[in-house]
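Please look at the sequence and the structure below before reading on. The paragraphs that follow take the chains one at a time, and then their contacts.

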Amino acid sequence: MRRPRATIVFVIVCSLFVTCGVSSASPARSAAVDRPAATSPAFPVSVKSGDGTVRIPSQPDRILCLSASATQMLYEMGAGNQVVGVDEYSTWPANAPRTKFTGDESSAEDYLYLKPDLVIFAFSSGTLIQQLEKLHIPVLLLPPASTIGDVDSQLAELGTAAGHQSGAKSVRASFEADIASAVHSAAGAGRGATYYLELDPTSYYTVTSGTFIGAEFSLFGMRDIADAAGHGSQYPQISPEYLLKENPDYVFLADTICCGATSANFARRPGFSVLKAVRLHQVVGVNDSVASQWGPHTMEAFVSLLARVLRQGAPSS
Amino acid sequence: MTLAAAEEAPPTLFDTAPAAPPTIYPTRLRPCHVLIGVGFLLIAATASVLIGPADLPAGAVIKYLLNKLPFVHLHSGLSTTGAIVVWQLRMPRMVLGGIVGAMLAVAGASYQGVFSNPLADPYLLGIASGAGAGATIVIVEGPALGHLPSSALPPAAFLGAVVAVVATFALGRPRAAERSAASMLLAGVAVSAFFVAVQTFLMQRSSPGDLTLVYGWILGGLSTAGWGQVELVLPYVAVAAAALFACRRLLDVLSIGDEEATSVGVRASRVRLIVIVAATLGTAAAVSVSGLIGFVGIIVPHTIRLIAGPSYRRIIPLSLLFGAGFLIFADILARTVLSPGEVPLGVVTAFLGAPFFLVVLRQARTLG
Amino acid sequence: MLDIERVTVVLGGATVLSGVSARVERGGWLGVIGPNGAGKSTLVRAITGLVAYEGEIRIAGKAYAKSDQRRRARSVAYVPQRPVLPRSMSVTDYVLLGRSAHHPYLGAETARDRRVTAAVLERLQLGAFAERPLGELSGGESQRVVLARALVQEAPVLVMDEPTTSLDLGHSQLVLELADELRREKGLCVLCAIHDLTLAAQYSERLLVLSRGRAVLSGLPGDVLTEANIRRFFEAEVEVLEGASGLSVSPVRRRAATSRYESKVRA
């Protein structure tokens, strides 16, 4: 009786991916639309950057964006034609000008050929930011969000920095609306359910609810089994025994791309066949980027996926 | 010769007429070695300033730098951005590389002298593990300790290094003079193991982002923005290197052992203490800005030893020159091989150092 | 010149020397003899300032504090029993180390230092070896080099710790002859710990016998080296003979009653 069960799981997983793809093509969030650059209101502006502020003298039209999440934000608010380069990991939208940069280059000299007038980072690496400051190039540091509210405020900062405040405002509005409707559609199905989000199949790194992806789960009232294991870190490590003891209702594998994890080989790990999530076919493989990108595009897609998984409940075997 | 005269006049037991005995040639620093060292350093420095991802014409860069000298006025034609790249990005990095390389090499040579051990290196007494633990604490626990700025990293690493070395001293203080070196080294091993354990524990608990930062620091790197790090480190390194330079002849005396050194008038334990303190403070300062760059303290002095002989009158000064040049060259490789990424400097020195040393060693063997 | 007064040395809880006194005049040679563990080396090291002691040791009327190594090195030169000879150091550099107490602490050797070193090398017939690395020297040559290093200190007192231990008879004689010649030429005051009783008798003006840390006997070789004394303090059977160049002490083997081995062989 195994094959029918495996087939059902396979179909569910594929359909989830397909619906993710479909939702990303929905016109409300198309990135291909070129909106005219909003008239720059009051430049220069001062924007919050990391722990400090940065002063941007005039509307930037040669933005180098080294954060996949910020790339999503820029394109969604209509600032795409101001972007001259994005980092290697900015996979959405597909037509963004990707470079080989990762954000921890050896020297800021590497960026100079693009003649950027604003550089956006998600992480501070070495002395790159100080070097850009010496070169009089404004730097905006937008670190990983830990709540949904952080995403909202980063959208606002970025909108001000790029001179697209109205575009940013509409993205924020539709972001909030889509999230709210997805949560509503789940109709409380996830309340009290426990989950485990895996980042690595061999060392069991996971996330706590203090991360942006943890916040998405919390929208549905779900509980992260790793919260007790945090010891102060937002990306703790747990052990297989802990996982067996906590026996979460849902397991999400965010290591499908890096490490080839699938719900099938998850079930085959020693001792895991007794897990509730395995028996109830509630092990879901997702694109790795859901745990590393907090742009509106990724987050809305994941929240929709969550809602669908919760609504459909456990398929009967 | 009366007894009184023996005390007042310089003793003349063996003085003969100046013309009589043949001249002897004590080991001195040879000018040709110094010239080669200076040449090596200049080539490395020039290459380091001219090589970089921003396409700057070599002639313009050189004119710009020459213009910085007093009484020299040249128009370089370098753009404002180019000038900032040269003076705020490339020059400080090159100078920092030279300072750190010189310090690590001369500290390694000095440790080899005081411990009479060819494998002694500046990290022996726990500097590496202490600095690593200090840096890891700031990186991993920084947010918890209340928003420490990244500029807290060098002082934390320095403090960690000093604490580790003090612990090594406290544990390894010799009770018998003959065993002073051995007990100190063993204490260094124990203290290092402890601090490495602390560091590993913290790393286990950190996020992947923090982990990358810690590894990045541990494996060594010289990224600079402006002259801040150079200004931070230069006073310590200058004083330490000057002290070691001054003691170079005493290191030769130490090679006959503590007892005989004492019998000819040199207090071995005091020399050892001064040299260790100077080498340790200088290395701790260097490591606090550059991370843990290994091999320099062993490869450079040994290569000089094989070419110029075992006297520290030569090894110490030449280590300063060749250590600086070596690390600058290694840094050029580190930032060009995987451009635009960077190979950690400690990895480059390991790759460069080991085979080169084997080649030199084999040559010295065949020569006799 | 060299006054040793009631010197006591305690090392690791054990009393190695106890109330030893002696006196050596300028130009004199005191041989310090005694069985193993008597404290001969310790006495030499105490005079050099390498061990802490109670009592007084004065050179030309001056006592030196333990920390005053530089000035002590200009008064006492030390030839160790097992010298450390760095293999790749040249003879010149090694001998020059003996001048450390004469030139400034951090400074380089002066022209005078080089002249003295050259003169000593010449005197000890080491001129041809000046640039040789120490690792390439034979046993006898190395011992001369060590003596040279002690002599360049230009100290009025020379203390030697069993200088003939690793040398064959020929080289032992060479080194002792050299030391003796220089003693008479320059008026050096020599204290030499030695285990070979014949050599001790031939080169020393006076002898001091140490046993279990105490000075038990001192005087002229003829008075000190009697069969009874040697039996008592060395627990050795010897025959003391009057030779052309002085006393010689030969070990004697008293045959016991026929041993079992001999009876087997005869049978």
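Among contacts in chain C between residues at least 6 apart in sequence, what percentage join residues at least 24 apart? The value is 65%, where two residues are in contact if their C-beta atoms, placed from the backbone, lie within 7 Å. The model is a predicted one, in which local features need pLDDT of at least 70 and side-chain atom pairs count only at pLDDT 80 or more, while totals for chains, interfaces and linings use all residues. Residues are numbered from 1 along each chain as its sequence is written, and chains are lettered from A and ligands numbered from 1 in the order in which they are written.

Chain C contains 10 helices and 12 strands; helices (H or I, at least four residues) and strands (E, at least two) are DSSP runs, numbered from the N terminus. With 267 residues, chain C has a radius of gyration of 20 Å, close to the 18 Å from the globule rule, so it is as compact as a globular protein of that length. The radius is taken over C-alpha atoms, and the globule rule is 2.2 Å times the number of residues to the power 0.38. Along the principal axes, the C-alpha atoms of chain C fill a box of roughly 75 × 40 × 40 Å. Buried residues make up 46% of the 267 in chain C. A residue is buried if 20 or more other C-beta atoms lie within 10 Å of its own, exposed if 12 or fewer, and partly exposed in between, with C-beta atoms placed from the backbone.

Some of the strands of chain C can be followed through their pairing, which requires that DSSP finds at least two bridges between two strands. Strand 3 (residues 29-33) of chain C runs parallel to strand 9 (residues 206-211) of chain C, with 4 bridges between them. Here C:Ile33 has C:Val209 in strand 9 as its bridge partner. Strand 9 of chain C also pairs with strand 10 (residues 214-219) of chain C, this time in the antiparallel sense and over 5 bridges. C:Leu210 is bridged to C:Ala215 of strand 10. Strands 9 and 10 of chain C form a hairpin with 2 residues between the strands, and in this hairpin C:Arg212 takes a positive phi near 50°.

Chain B is built from 15 helices and 0 strands. Of its 368 residues, 51% count as buried. For contacts in chain B with a separation of 6 or more, 77% come from residues 24 or more positions apart. One residue to look at is B:Ala246, in helix 9 (residues 228-246) of chain B. B:Ala246 counts as partly exposed because it has 15 C-beta neighbours inside 10 Å. B:Ala246 lies 70 residues from B:Ile316 in sequence, and their C-alpha atoms are 9.5 Å apart in space.

Chain A is divided into domain 1 (2-27 + 189-312) and domain 2 (39-175), with bounds from an automatic or database domain assignment. The contact between the two takes 12 residues from domain 1 and 16 residues from domain 2 of chain A. On the domain 1 side, helix 6 (212-219) and helix 12 (296-312) of chain A are the elements that give two or more residues. Helix 12 of chain A gives the most, with 5 residues. By class, this side of domain 1 has 5 nonpolar, 6 polar and 1 charged. Ala, Val, Leu, Ile, Met, Phe, Trp, Tyr, Cys and Pro count as nonpolar, Asp, Glu, Lys and Arg as charged, and the others, Gly among them, as polar.

Strand 5 (residues 118-121) of chain A has A:Leu118 and A:Ile120 pointing one way and A:Val119 and A:Phe121 the other, and all are buried. Strand 5 of chain A pairs in the parallel sense with strand 3 (residues 63-66) of chain A over 4 bridges, and A:Ile63 stands opposite A:Leu118. Strand 5 of chain A is also parallel to strand 6 (residues 139-141) of chain A, over 3 bridges, where A:Ile120 has A:Leu140 as its bridge partner. With helix 3 (residues 128-134) of chain A, strands 5 and 6 make a right-handed β-α-β unit; right-handed is said if, with the strands pointing away from the viewer, the path from the first strand over the helix to the second runs clockwise.

The contacts between chains remain. Chain B touches chain C through 36 residues of chain B and 42 residues of chain C. Helix 1 (3-8), helix 10 (248-254) and helix 11 (258-263) of chain B each give two or more residues to this side of chain B, and helix 11 of chain B has the largest share, 4 residues.
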